Amino acid sequence: MSSTITEIVDVDVPVSTAYNQWTQFESFPEFMEGVEEIRQLDATHTHWVTRFGGVGREFDATITEQHPDERVAWRSDSGPDHAGVITFHRLADTKTRVTAQMEIDPEGLAENAADKLGILDRRVKGDMLRFKQFIEQRGRETGSWRGDVEPPG
């Protein structure tokens, strides 16, 4: 049984800065709890190494849609079944709303218990708050990828 998680954070940087940083998947371990490594395999494929409740997992994910300064959507190709989208909304010249929407199908006893107890929701909320802190402290992105990926079909 899958769960839907939605978290929103407003960051005090321009929309292009927030979006550009989110395209730097290899920096995610700096602000995402339990993410040990992400390797960008090509423009639309990533390999993740994570740890949750002492359980290590590796999986691949595909970027299914990406539009600069607007959205990044993905789905897992292997491992835990999940998909989601991050959207970016300009609130002012130097303020952006970042919204994470994820559909997660917990795998295993630890993940199912964490889901039922609200731990997964809190982890995503914490990740979004750490992203805010990370990008606001830097004031600029660590890199960018401005390519466009059209949705399948």
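Buried, as the word is used on this tour, means under 20% relative accessible area, exposed means over 50%, and partly exposed lies in between, with a 1.4 Å probe and protein chains only. The model is a predicted one, in which local features need pLDDT of at least 70 and side-chain atom pairs count only at pLDDT 80 or more, while totals for chains, interfaces and linings use all residues. Residues are numbered from 1 along each chain as its sequence is written, and side-chain values use heavy atoms, with hydrogens and water left out.

**First selection: Phe88**

Select Phe88, which is in strand β6; strands (E, at least two residues) and helices (H or I, at least four) are DSSP runs, numbered from the N terminus. Phe88 counts as buried because its relative accessible area is 4%. Leaving aside neighbours within four places in sequence, Phe88 is in contact (heavy atoms within 4.5 Å) with Val15, Ala18, Tyr19, Trp22, Asp69, Glu70, Arg71, Val72, Thr96, Arg97 and Val98.

In soluble globular proteins, nonpolar side chains tend to be buried together.

**Asp69, in the loop**

From Phe88, step to its contact Asp69, which lies in the loop between β4 and β5. At 22% relative accessibility, Asp69 counts as partly exposed. Asp69 has a positive phi of about 65° although it is not a glycine. Most residues other than glycine have a negative phi.

**The cavity**

Show the cavities next: on a 1 Å grid over the protein atoms alone, a cavity is a set of points where a 1.4 Å probe fits but cannot get out, and lining residues have an atom within 4 Å of a point. Grid points are joined across faces, edges and corners, and a volume is the space filled by probe spheres set on the points. The count comes to one cavity of 30 Å³ or more, and about 710 Å³ of space lies in the largest cavity. Its lining has 36 residues, of which Trp48, Phe59, His82, Met102 and Ile104 lie nearest the centre. Strand β4 gives the most to this lining, with six residues.

**His47 and its partner**

Select His47 in strand β3, which is buried, with a relative accessible area of 11%. The side chain of His47 makes a polar contact with the side chain of Glu58 at 2.7 Å; such a contact is a pair of N or O atoms within 3.5 Å, where within protein one must be able to donate a hydrogen and the other to accept it, and residues adjacent in sequence count only if both atoms are side-chain atoms. Between Phe88 and His47, the C-alpha to C-alpha separation is 24 Å in space and 41 residues in sequence.

**Last stop: Glu150**

Finish in the segment after α3, where Glu150 is found. Glu150 is exposed, with a relative accessible area of 54%. Leaving aside neighbours within four places in sequence, Glu150 is in contact with Thr64 and His67.

Methods
On a 1 Å grid over the protein atoms alone, a cavity is a set of points where a 1.4 Å probe fits but cannot get out, and a pocket is an open set with protein on both sides within 12 Å along at least five of seven lines; lining residues have an atom within 4 Å of a point.
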